[in-house]
Amino acid sequence: MQAPTDKYGRRFEKLRVSLTNACNFNCIYCVGHDHLSGKLNRPANELSLTKGKKLNATEYKACISAIHEVSPLKQVRFTGGEPMLNPHLMQLIQHCKELGIADVGLTTNAWYLAPKLNDLLAANIDSLNISLDGIDDDVINKMAGISKAHQVKETIIMACETGLPVKINAVIMKGKNEDQILPLLEFCRKHNIKLRYIEFMEMGDYHTTKHKYTVSQDEILNTIAQRYNFKKQDRTTNSTANYWTLDQGGTFGIIANHSAPFCKDCNRLRLDSTGKLYGCLSANEGLDMLQNMHSKELLYNTLKTTLSQKQEVAFTGSSISMKFIGG
Ligand code: SAM
Ligand code: SF4
């Protein structure tokens, strides 16, 4: 059986697996207006905050194996919520490697990362994406709703020292952290880290904010141009980011969901922590995986329907925030 494709020839080759919709951080762009108004005061590390059914390790493994059989995967990336809150992370990474999936990565806020670096290496993780929305401690603390920004930066440096490929994801929001665009670039050049700025996506409570907080790709480039000269690289097929090479050394990327959308060759599928499949971040509803995974034909048809959630051109916003769908 051939993998399901849509009318544009798109197929699922990269799977994002959300290991929980709980998180110990309260990032301003992810948890929404409660945070902005200062109303949210959640205890850290509260797995009980998880909403809905929680897939167990056996179910996660069965879901990943079944998807890989019907639509062979080149990449699995564990995310959330904060995926390091899930105690089964290491065995799930190992499971993906045993299935022969070439690229198995983790997207994390790095809070629990330092003591787990050796376990991740032993599990054969291929790469780490770490969220960091500034360099000044007070900006990081405000953006992430935490109080120990320095711990995150120290952990990022430790992660780089393991030799694992590390990328930093930085969401830039109008009026919040635009002044961190250049400091982030300096930090990443110094530590040889691949930096990707992310255009803010209107999700969850921000679904209707009409670009009030968006800092566009051009605005990010204009800021970088104040200090650097750079050239655009050719875009790699299926890449979410555009990349530039700095004349002064180093590179940076921008994930420009609004200004330079990449839907036309998007090959990503998302599985949330309750067992729902999403073919697109713009989708407001997921399809049930657990009920449809036991027959190849049923799963094929489910993936085909999930593919039809993909946008033709650009992300259109979603009422579900990233922490629930899996970023
Ligand atoms: N907790 C982990 C972390 O923060 O890296 C993984 C989950 S988080 C939802 C995954 C990614 O989504 C992060 O890089 C975060 O910056 C990004 N993200 C969350 N909400 C976003 C939004 N509204 N717009 C753009 N990126 C967003
Ligand atoms: Fe948590 Fe990641 Fe969302 Fe921040 S972006 S609140 S760390 S899930």
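Let me start with a definition: helices (H or I, at least four residues) and strands (E, at least two) are DSSP runs, numbered from the N terminus. One housekeeping note, everyone: this is a predicted model, where local features need pLDDT of at least 70, side-chain atom pairs count only at pLDDT 80 or more, and totals for chains, interfaces and linings use all residues. Residues are numbered from 1 along each chain as its sequence is written, chains are lettered from A and ligands numbered from 1 in the order in which they are written, and side-chain values use heavy atoms, with hydrogens and water left out.

On to the sheet. It is open, with 12 strands and mixed pairing, in the order S7-S8-S9-S6-S5-S4-S3-S2-S1-S10-S11-S12; a pair here needs at least two DSSP bridges. Strands S7 (230–232) and S12 (287–288) are at the edges with a single partner strand each, so one side of each has no neighbour in the sheet. Further in, S6 (residues 194–199) and S9 (residues 251–255) run parallel, joined by 4 bridges, and Tyr197 sits opposite Ile254 in S9.

Now look at helix H7 (residues 149–161), which lies across S4 (127–131) and S5 (166–172) at about 165° to S4. Contact means heavy atoms within 4.5 Å, and the angle, on a 0 to 180 degrees scale, is between N-to-C directions of axes fitted to C-alpha atoms, for helices over the stretch in contact.

So what surrounds ligand 1? Its shell has 18 residues (a heavy atom within 4 Å), and Gly81, Glu82, Thr108, Ser131 and Met201 come nearest. Among the suppliers of at least two shell residues each are helix H1 (28–31) and strand S3 (103–108). For polar contacts (N or O pairs within 3.5 Å), a ligand nitrogen is 2.9 Å from a polar backbone atom of Gly81.

Finally, ligand 2 is surrounded by eight residues, including Cys23, Cys27 and Cys30.

Note on methods
Polar contact = N/O pair within 3.5 Å; in protein donor to acceptor, adjacent residues only side chain to side chain.
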